[in-house]
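Trainee: I want to know what the labels on this model rest on. Can we go through them one by one?

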Amino acid sequence: MRKYVEFARVQMQVHAAYSAWFWANTFSILLRMLVIYFFWKAVYSSRTEIEGLPFEGMITYIIIAMFLQMFVSGVGQELAHTIKDGNVAIELMRPYNLITRLVAMDLGDKVIHFVRGALPLSILAFIFMDITLPTSWQSGLLFFISAFMGIWIGTFFDLLIAILAFWTINLWGLQVMKEAVISFFSGALVPLILFPEWFQTISLFLPFQAMVYVPVAIYTGILSGTEAWLALGSQVFWAVSLFVLLRVLWSIAIKKVTIFGG
Amino acid sequence: MLSRYIKLYYLFCKQNLKVMLEYRMDFLLGVLSVMLQQFAGIFFVKIVFDHIHALNGWTFYEILFIYGIAATGRSIHHIFFDNLWTLGWQYIRPGKFDRLLIRPINPLFHFIADRLQQDGFGQLFIGIIVIGTAMPHLSISWGVLEFFILVVMIIASGFIFVAINLFFATLSFWMVDSLPIVWTIFNLSDFARYPLTIYHKGIRHFLTWIVPYGFTAFYPAAYFIEGSGFERLALLTPVVAIVSCIFAYWFWNRGLKAFTSTGS
């Protein structure tokens, strides 16, 4: 365990060293918040609510979802590159579990991103953008649990996709495709209740809504009471199934490495 | 001189195509992924318009049209000039840029021709479909002249994307890798996907006169939308494209002069 904590710590220091990327990120997020704000302001210019959501509720959902989506993926890129450049063979000989190491490093990354990026920026959003607090302290607490699960599910899914790097070299395409699918089905762009019925039904059976929609819907009160607990239950289901799937696929993929390396 | 460069470009392309055909699965994956990405953006607009009739006076098809021009213009940049993204981390940092400098051709030409990015075809495809879908719904009759202007506008849009990326990529000559800056500026183009009239005046002026992303989609589209009030400004699009390209190229040449290789 100690070594993994150490990996997470080192990753935080690495992150702090690249300040150009930090500022680029911060600035880009600010820009996106501006686009979102003006876009939704224009949408609401001729009405007071959409599907029962007033402007404040909508902008709160969209902004929180945007922040959460940034934490949903991340570690897959690293794994995909390790596979592609062949280092995976060496990594597998080292005295740690490669996946656990990557997850630990990713965790370090996320902690520092949260402290240096998401936290100050969301405080800014609270002050300038009509964002509201959770409807009650229970839903606030539930949001944190649910968001944690969502990030967990997202990380497993990310790793699953990254393993595909054993079979393709177009990592950029893989990444873009994954991002598109996630922003499509996870409710990261708009609350799923705005989607047509059939689309909502489909996404109910996919793991993506558990990444972003469920936590943020709990935060904004779209899901509450029994519904919220049920949604949390589905998150547990996805977290466990993706974890198992990852184990299976990884053990299959590793066999391919030995064939590859000769 | 020119014919030599055309022939050279053809030879570069042939090499790139060979690579593409070698990895067919990856070609498909790339095209499909970009199409999906664009589709997600369009779907988002569709969902929103299921609940409203107009966005600040703009109809669904007008927004689609803006979107389509942005996507098609960007695809020109994506297919033919994608290498601009890699100047810092693939050429200057590892010292590979020196290789281009000792060749008897223009280094910028060599650098651009080094890569043909197949993934951009997905963007081109979607862009054309979106424009085609939106066109019949605009209250303008499409003649040969209108088509011609549309094509000119799209090419101009593409070259504005190129000029902006070239300008900020050039900073790499001084700071080794300017990718974070290029990327941040590129994100500004997100603004251009919607009518600029929904934004604060300051943002609008910035995107018109400082970093002219407004001319990559909104202004060219507004030319074809009756009563948009921007028909006149829209005609400036090709001018803006030419001026920004000249300016970026001048800056590139200054960068080249200041360039000292990462020594070893």
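**Labels and their grounds**

Mentor: This is a predicted model. Over residues 20-40 of chain A, the chain is 100% helix and 0% strand, with end C-alpha atoms 30 Å apart.

Trainee: Where does the name "transmembrane region" come from?

Mentor: From an unreviewed UniProt entry, which places that feature at several spans of chain A, including 20-40, 52-72 and 141-169. Residues 52-72 of chain A are 86% helix and 10% strand, and their end C-alpha atoms lie 27 Å apart.

Trainee: Why is A:Glu51 called partly exposed?

Mentor: Buried needs 20 or more other C-beta atoms within 10 Å, and exposed needs 12 or fewer. A:Glu51 has 14, so it falls in between and is partly exposed. This residue sits in the loop between strand 1 (49-50) and strand 2 (53-54) of chain A.

Trainee: What makes B:Val176 partly exposed?

Mentor: Its count is also 14 other C-beta atoms within 10 Å, so the label is partly exposed by those cut-offs. B:Val176 is in the loop between helix 9 (172-175) and helix 10 of chain B. Its phi is near 70°, positive in a residue other than glycine.

Notes
Residues numbered from 1 in each chain as written. Chains lettered and ligands numbered in written order. Predicted model: local features only at pLDDT ≥ 70, side-chain atom pairs only at ≥ 80, totals over all residues. UniProt positions renumbered as here; feature names shortened; annotations may be inferred. Helix = DSSP H or I, 4+ residues; strand = E, 2+ residues; numbered from the N terminus.
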